[in-house]
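Subject: Handover of a structure and notes on its features

Dear colleague,

Please find below the structure that I am handing over to you. My notes on it follow directly after.

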Amino acid sequence: MSMDMGVFSVRFSIFWVLNFRFLTSSTDSIFAGNGSSLTGIRSRRVRRRVAYAQPYGLLSRIPDQVLHMSRLFLDSDVDCISNLRMERNSFGRLCFLMRELGGLVDRRYISVEEQVSMFLSILAHHKKNRVIKFDFRRSGQIVSHYVHIILRAVFSLHTLFLVKPTHVTDDSTDSRWKWFKGCLGAFDGTYIDLHVPSCDKPHFRTRKGRISTNVLGACDRNMMFVYVLPGWEGSAVDCRVLRNAVLKPNGLKVPKGIYCFI
């Protein structure tokens, strides 16, 4: 009996060892198979994601930028006037002045024409930075940087843009102006919308409820600006702005015997 029990225990031990090795080898193979399958699924997802992703960089945006600039000022005068408020000849002359006298140069990826176009789009249509960067395929920092550069160039050319007026002489033969001897031009005020802090909005609110600044401008007979006074609050009346323009040391000066239309 003891011999039988010993043989049985030995056989049971051998059977248990063999089964344990089989189970461990099968489990390892199963986990290894699951790992390889998971790795395969992940690799397929990565490949699919890479295949769906479109390459996007500075060079890929150049064709869209060139097409947009061509539509602005190369197709027709109608499109140029609608978007930039000037014809193509005037736009080309302005860019020439900015290059020769304003100190602007073509950069590696942006030309003077595109810099001026962004500036004129903001002035003509009151567009925001986020709208300009979407239209021109540029970043907001690029738009803000070059708008300030154009603004400084315009300020440096104020002696060129603001002409010295001449009054209508007694021997004038102009059929429109010979009846106004001694007339220097005309000046008037206009409201320009702007953004101000909330604490200053009551001062800049006009009688029509808009947040604006009251700007006084004077021009000669050829509609050329000779004087501009910006900065007054929208709530200020025109006579107060005119009085400030006349009393300033470098303000609006009208010689004796000469007059302007209001």
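**Salt bridges**

R99 counts as partly exposed, at 29% relative accessibility; here buried means under 20% relative accessible area, exposed over 50%, and partly exposed in between (1.4 Å probe, protein chains only). Before going further, please note that this is a predicted model, in which local features need pLDDT of at least 70 and side-chain atom pairs count only at pLDDT 80 or more, while totals for chains, interfaces and linings use all residues. Residues are numbered from 1 along each chain as its sequence is written, and side-chain values use heavy atoms, with hydrogens and water left out.

R99 forms a salt bridge with D106, and the closest N and O atoms are 3.0 Å apart. A salt bridge is defined as a side-chain nitrogen of Lys or Arg within 4 Å of a carboxyl oxygen of Asp or Glu. D106 is also partly exposed, its relative accessible area being 43%. A network of salt bridges links R99, D106 and E113.

In the whole structure, the search finds seven salt bridges. Among them is the one between the side chains of R210 and D193, at 2.8 Å from N to O. R210 lies in the loop between α9 (201–204) and β2, and D193 lies in strand β1, so this pair ties together parts that are 17 residues apart in sequence. Helices (H or I, at least four residues) and strands (E, at least two) are DSSP runs, numbered from the N terminus. R210 is partly exposed at a relative accessible area of 42%, and D193 is partly exposed at 38%. The side chains of D135 and K127 also meet in a salt bridge, at 3.3 Å from N to O; K127 is partly exposed, with 27% relative accessibility.

**Strand β1 and its partners**

Strand β1 covers residues 183–193 and runs parallel to strand β4 (residues 259–261), the two being joined by three bridges. Two strands count as paired if DSSP finds at least two bridges between them. Within this pairing, G185 stands opposite C260 in β4. Strand β2 (residues 212–219) runs antiparallel to β1, and eight bridges join them. Here D188 stands opposite G217 in β2.

**Cysteines**

The whole structure contains zero disulfides, a disulfide being a pair of cysteine sulfur atoms within 2.5 Å. For C183, the nearest cysteine sulfur is that of C260, 6.5 Å away. C183 is buried, with a relative accessible area of 0%, whereas C239 is exposed, with 56%.

**Helix α7**

Helix α7 spans residues 140–156, which makes 17 residues, and reaches 25 Å from its first C-alpha to its last, close to the 24 Å expected at 1.5 Å a residue. The expected span is 1.5 Å times one less than the number of residues.

Which residues of α7 are buried? They are V143, Y146, V147, I149, I150 and A153. Seen down the axis of α7, these buried residues fall within an arc of 160°, so they line one face of the helix; the arc is that of the directions from the helix axis to the C-beta atoms. An α-helix has 3.6 residues a turn, so residues three or four places apart point the same way.

The buried residues of α7 are covered by elements including α4 (88–100), α5 (112–125) and α6 (129–135), where contact means heavy atoms within 4.5 Å. On the face of α7 turned away from its buried side are the exposed residues Q141, R152 and F155.

With kind regards
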